[in-house]
Amino acid sequence: MKRWQFRVEIYAGTLGWVDITDDVRGGLSITRGRSGEGYRADPGKCGFRLDNRSGRYSPRNPLSDLYGLIGKNTLIRVSAGPIGGSLVGRFFGEVPSWPPRWSLSGKDRYVDVDAAGVLRRFRQGDQPVLSPMRRTIEASSPVAYWPGEDGVLSGQAGGATSGLSPLTATGAVEFKPVENYVFATSATVFGTTALADLAAGGRLAAQLPSDATAATAGGPWTVHAAILVDTLSTLSGDVVLLEWTTNGGTYTRWQVKVTTTSRTQLIGITSGGSSTLLIDHPNAAPTFHHYAASASVSGGTVTVRLVTSNSVNLTTTFAGSLGGVASVAVNATSVTSSTSMPAGHVAVWAAAPIPVAIQGVTDAYGVFVRESRRSNLGEAAVDRLIRLAAETGLDLDATPADPGHVSRMNVQLAASTTSAIDDAIAIDGGMLYEARDSGALAYRTRSELYNQAPVAISYVGQTTEPFDPTDDVDDVRNDITVERRNGSSARAVKLDGPLAAKQPPAGIGVYPSAPTLNLLDDSQLADLAGWMLHLGTVDEPRYPAITVQLAAPDWVSAPTLRAQLLALDVGDVLEVTGPPAWVSGRVRTLVTGYSESIDEFLWSITFNGVPASPWDVATADGEQRAAADGSALGVALGASDMTAVITSTPENGPWTQDPADFPLPIRVGGEQVTASAIGPVLAETFTRTGSDGWGNPDAGPAWVVAPAPGQFAVGGGEGLIGINATNTTFTATVAGVGPDLDVVVRLRADAVAVGGFYQQVVRYRVGAGYVESVIRYKTTGQIDLLLQTQSTVLAAVGNVLPYGAGTPFRLRIQATGATVRHVLYPAAASEPGWSATTSSAPTFGDGFALAGFRESSNTQSGLAVAFDSVTFRTPQLATLSARGVNGAQRAWPAGTEVDVWQPAIAAL
């Protein structure tokens, strides 16, 4: 059954857009975007075969109705959609050639069209290297322009507008690279590659073409040069920076002059030689500046304006007329200077005032940015990209960067257009690609790629082959050094995890990257290196091929979702839900391009892309949460268990227990689970009453007491353990707490020991053995604090504190791996530093116990140790409301990594 229709149109000059769909044989194929990572898109392609038996598509066939209307780079556009429905744009580009093909018999004639996107033409040829000033001035459409950036062997200043005669050099004119000059503001990098030094009395002059003179006849016009006249040096006379003649008007000769007394003047001279001082400004700065004079006429009144980049902006008027600019000269009277007099960028416009910025401006973000004379220093990267495109005549669909994500650039260097654009994109980090419904380029800023809602499709019924994940190291970059051009550098290295820059098996080896970027400031380096490391160490597969067949029933019956899919473009996010259990993690890809095949029956699209997860960054009240670095399962999690014991490192601290933060998506190993609540694994305040045991704590499993339940009671806000026998340890134990912990136990002594010591004990890692913190009450009224196993003393501190009958204390214990430390202090005091630490503590199990003991020489009867409360900071117990949310559910051993499902990453 025919389901799809497409339309192919070419732009045929006076005929406008011509529909040639009926001559397309079979279907067509389209490729857009790029296949790998990076910011440079490949030129799009569109291929199909045209029936040419009529000769219609032979550009040199005079019998064709398209004769003279098609040829090289004919515009083409393609749209497609369901039969009876609306069509959407799928491709816009150019047909570079119409190659005729035929069968041997000549009975079949056809053209295989291989259309290309605009990037093909944009990146072809040897592009000129342009300075910022030249690029800006050329883009402003002057009728005559001489950059003056000629080589050191040059004897003239070549013209940059078509058909323009050069500025002829008279006297001693020396062309020098700009870096060979010493400017008064030596820290400024001026936006020109070279200038003509006229210090020895050199003069540059030229006639304008007749069409330029005609374009400026009657005004408006502007005449301009950029020049340095050092009025602090020795000048042989007043410097006529610019002199130009007009073919008529009130004044036929004009001059911009800097005097030896540091005045800047505009003078008009009649055909009879009478001169008038039109504008006189009492200042001339001894540095490299723009000088421009503009004139326009309205109702017989001429307005003239003198402007410089040294803040001169004066006007005057007179009754009269204007002629067209016929000639220009620089240093017209051949004045000499004892220091350099670099000059260039002589331009004439049929416009007033001057149509280029000659001073810096405050941009939309409130930051001052220099003009092209000062190399656009401080410009935002996206603003530079937009400006470069406009100056080059490229149609670019782009919006300025979000105010919170502006990256600024250093001086714009002389470069080709592609290099200058790539420089800007490398710093912003967005995506450049071709629009599919016009001949424009499009740009997605880095901030536009953050936190996108995906187009979600089902694995079952809505995908087909190829569906190819790739889990390799091709895109890994785990050792990043970012260098600022002519500045400092910063390095970021992945030191842990499976993609660490360490030799296997500790990591995967070193995969370095060392870009040099044109950043404004060294302070940008560290953040950028960290961001690039983040993008280069995504530990999940990428999907270079996710394919859909729109003729499948599940697509035919889902027109709304199909429309969303067809709207998906470069930089958007595609997610495949319900993948098979053997697929690791979420299938969520940032689309970098796609290829499609369309005919009347089938329409397949294969998307390629990179993981979207690194672009999910932290936002206020967003879904992302702070990463739980170092968290792990404290106890094995069974395949159907709905509670999980989670340990945390001391550095990262415990997980949130605020009810407002739930439900909370969590990753356990490779499984997504949902936590409905998190609390302490054990909480005990002993606020109940009871005897013959301790019963159930406030939270956690029941206490198991031994050897004599009658020695255990709860009352008065305390858990009591009677020690009615010597050399016997009375214990209350709970299982499943986990070996790593951070706990505070409040407790008190009963009485001062008589005859021998007695002990109050907190045990942990209880299994085949245990580790314990022992408070030994001695007959001297002093306490010894011990850290030991059932057989070995690991650390001991004698006489740590005095005690008396009923003295309350707090004992804090922190156990992480082989490191265990504890501290005992009076209950009313602030917590001091650790009393003792060991780095060789073993692990026996996951139990926790409170205990009492007295030695055989102790003669007291009725002794009882009291515990007031037990407060666990970690481990914590997560109550799970869902398992296997991502389709993977299994048992996980103790020590399995636990993290939030979407760790918060700070945006660049």
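Me: Which residues do ring pairs link into a cluster?
Reply: This is a predicted model. Ring pairs join several aromatic residues into a cluster. Its members are Trp221, Trp244, Tyr251, Trp254 and Phe318.

Me: How many aromatic pairs does a search of the whole structure find?
Reply: A pair needs ring centres within 6.5 Å. Searching the whole structure on that basis gives a total of 23 aromatic pairs.

Me: Tyrosine 450 and tryptophan 615 form an aromatic pair; what is its geometry?
Reply: The centres are 6.1 Å apart, with 35 degrees between the planes. Stacked needs under 30 degrees and edge-to-face over 60, so the rest count as tilted. This pair is therefore tilted.

Me: How many residues apart are they in the chain?
Reply: Tyrosine 450 is in the loop between β29 (441-444) and β30 (455-458). Tryptophan 615 is in the loop between β39 (603-611) and β40 (632-633). The pair links distant parts of the chain, and the separation is 165 residues.

Me: Is tyrosine 450 buried or exposed?
Reply: Its relative accessibility is 8%. Buried means under 20%, so tyrosine 450 counts as buried.

Me: Which strands hold phenylalanine 467 and tyrosine 543?
Reply: These two rings form a tilted pair, 5.5 Å centre to centre, with 55 degrees between the planes. Phenylalanine 467 is buried at 15% relative accessibility, and tyrosine 543 is buried at 4%. They sit 76 residues apart, in strands β31 (residues 464-470) and β36 (residues 542-549) respectively.

Me: Which ring face does arginine 776 lie over?
Reply: Arginine 776 is 4.2 Å from the ring centre. The ring belongs to phenylalanine 757.

Terms used:
Residues are numbered from 1 along each chain as its sequence is written. This is a predicted model: local features need pLDDT of at least 70, side-chain atom pairs count only at pLDDT 80 or more; totals for chains, interfaces and linings use all residues. Side-chain values use heavy atoms; hydrogens and water are left out. Rings of Phe, Tyr and Trp (its six-membered ring) pair if their centres lie within 6.5 Å; planes under 30 degrees apart count as stacked, over 60 as edge-to-face and the rest as tilted. Helices (H or I, at least four residues) and strands (E, at least two) are DSSP runs, numbered from the N terminus. Buried means under 20% relative accessible area, exposed over 50%, partly exposed in between (1.4 Å probe, protein chains only). A charge sits over a ring if NZ of Lys or CZ of Arg is within 6 Å of the ring centre and within 35 degrees of the ring normal.
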